[in-house]
Amino acid sequence: MDYDAAIQAMNIPYHPTKRQGMTEIRRACDILGEPQNHIQTIHVAGTNGKGSTAKIMQTMLEKAGYRVGLFTSPSLYEFNERIRINETYISDGDLVRYSNDMRERLISEHVQLSEFEWFTVLAFWYFYRQQVDVAIIEVGIGGLLDATNVIDQPLVSVITHIGRDHMEILGDTLEKIAAQKAGIIKPHVPVVCYPQDPQVMKVIHAVADQKHARLIIPDDDQIKITTRQSSGQTFNYKRWNHLTLRLLGDHQVVNAITALETMIYLSESNVFHLTDANIRDGLEKTYWPGRMECINEEPLIVVDGAHNPQGIASLANTLKEYYPNKRIIGITATMKDKAIEDMIPQMAPLIDEYFVLSIQDLPRSLDPNILKAKIEAYADRPVTISESVADAFHQAMSTLTDDDLLLCYGSLYLVSDFRHEVMQWQASRKNVKK
């Protein structure tokens, strides 16, 4: 079910559009019997990498035989992706059934939830009613005041890489943003934290000490990446040799060891039982589309949802590591509130030709004329404004040679539409061959 259809089907009552405090979502959860506190949870916050890290953990636990709920956002293709148990998305029927059940219980109390708050409560309600073994819950924005932070006692909190994004909400410094992310740390609940910049770690340490929460920091100095290919990479970490990860980029290896350290803690605490084979298999089988994903080999087509300076930095580094000699054709769009002045200098030296556009049906999308002017002011590159994703794809393909790389990046919404165009093109090629 697509997003608009899902919103209509859920028939969310009274929903305000602006971010609000925690009162209403706590009231909703109380009315429903606190479902978030009657399931085991792993709570994941961060600016970049939280979805990948959550998915790696989910796959590891699934390989160990557990039923694992996973709540993430946004979705690439259909709303149902956001709420899943193992690899099965919530069905359209269950989406409507559980939402109607919630609505009947909440409407008489005039609970006013935003859309994201409704999705969050729905995920808790669904996972509780389905009696999952554990639910991995990804924060939406921030942490301290995020809708997901109604969880009182997770098994463990996980914080991935923190950088500058949503500064109009979270604050204009890394320290302020880190304080918001650290808001998921609960008293006496261990927290696994991706190794961070010193100013970020200072904040995390302070909050963990205040909450008497054990702090586990993966040792990225013990990572040794042994192979890098478009199909994946292998690496060693501590006693673990020849670990395989399909996700590309050095940053994904750090996400992987963050997930690994979390599983080690849960195993050593006898919360779950995971063998070495479960962990290895989970790493190797993790698939998380839209994140430095090679979607076609000949010609080479790669997509990445990077949309903030830190994500763009990781993308740029990965391109340098994997494709140092490729001519790169870039298709990109971004939102008005993104720090494009910081992102363009990182990517422009790597992109040989640009096709820029706005993301259809998204008022937040930046005017492509502005994006074109910003790129041209920084670098002497051909920049073409495209009317649609389909136009951008076909225009770019007309200039692509067998040795080039076509890269689509800048927004998961853009990547979603672009992947659809590529799949249609791939299907048409198969039909021609027949």
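I count two strands as paired if DSSP finds at least two bridges between them, and I take helices (H or I, at least four residues) and strands (E, at least two) as DSSP runs, numbered from the N terminus. This is a predicted model, in which local features need pLDDT of at least 70, side-chain atom pairs count only at pLDDT 80 or more, and totals for chains, interfaces and linings use all residues. Residues are numbered from 1 along each chain as its sequence is written, and side-chain values use heavy atoms, with hydrogens and water left out.

Entry on the sheet with S16. I looked up strand S15 (residues 353-356) and found that it pairs with S16 in the parallel sense over 3 bridges, where phenylalanine 355 has threonine 384 of S16 as its bridge partner. Both belong to an open sheet of 6 strands with mixed pairing, in the order S12-S13-S17-S14-S15-S16. Strand S12 (293-296) and strand S16 (383-385) are its edge strands, each pairing on one side only.

Entry on the sheet with S1. I then followed 8 strands that form an open sheet, again of mixed pairing, in the order S4-S3-S2-S5-S1-S6-S7-S8. Strand S4 (88-89) and strand S8 (215-216) each have a single partner strand, so one side of each is left without a neighbour in the sheet. Strand S1 (residues 41-45) pairs with strand S6 (residues 156-159) in the parallel sense over 4 bridges, and I noted serine 157 in S6 as the bridge partner of histidine 43.
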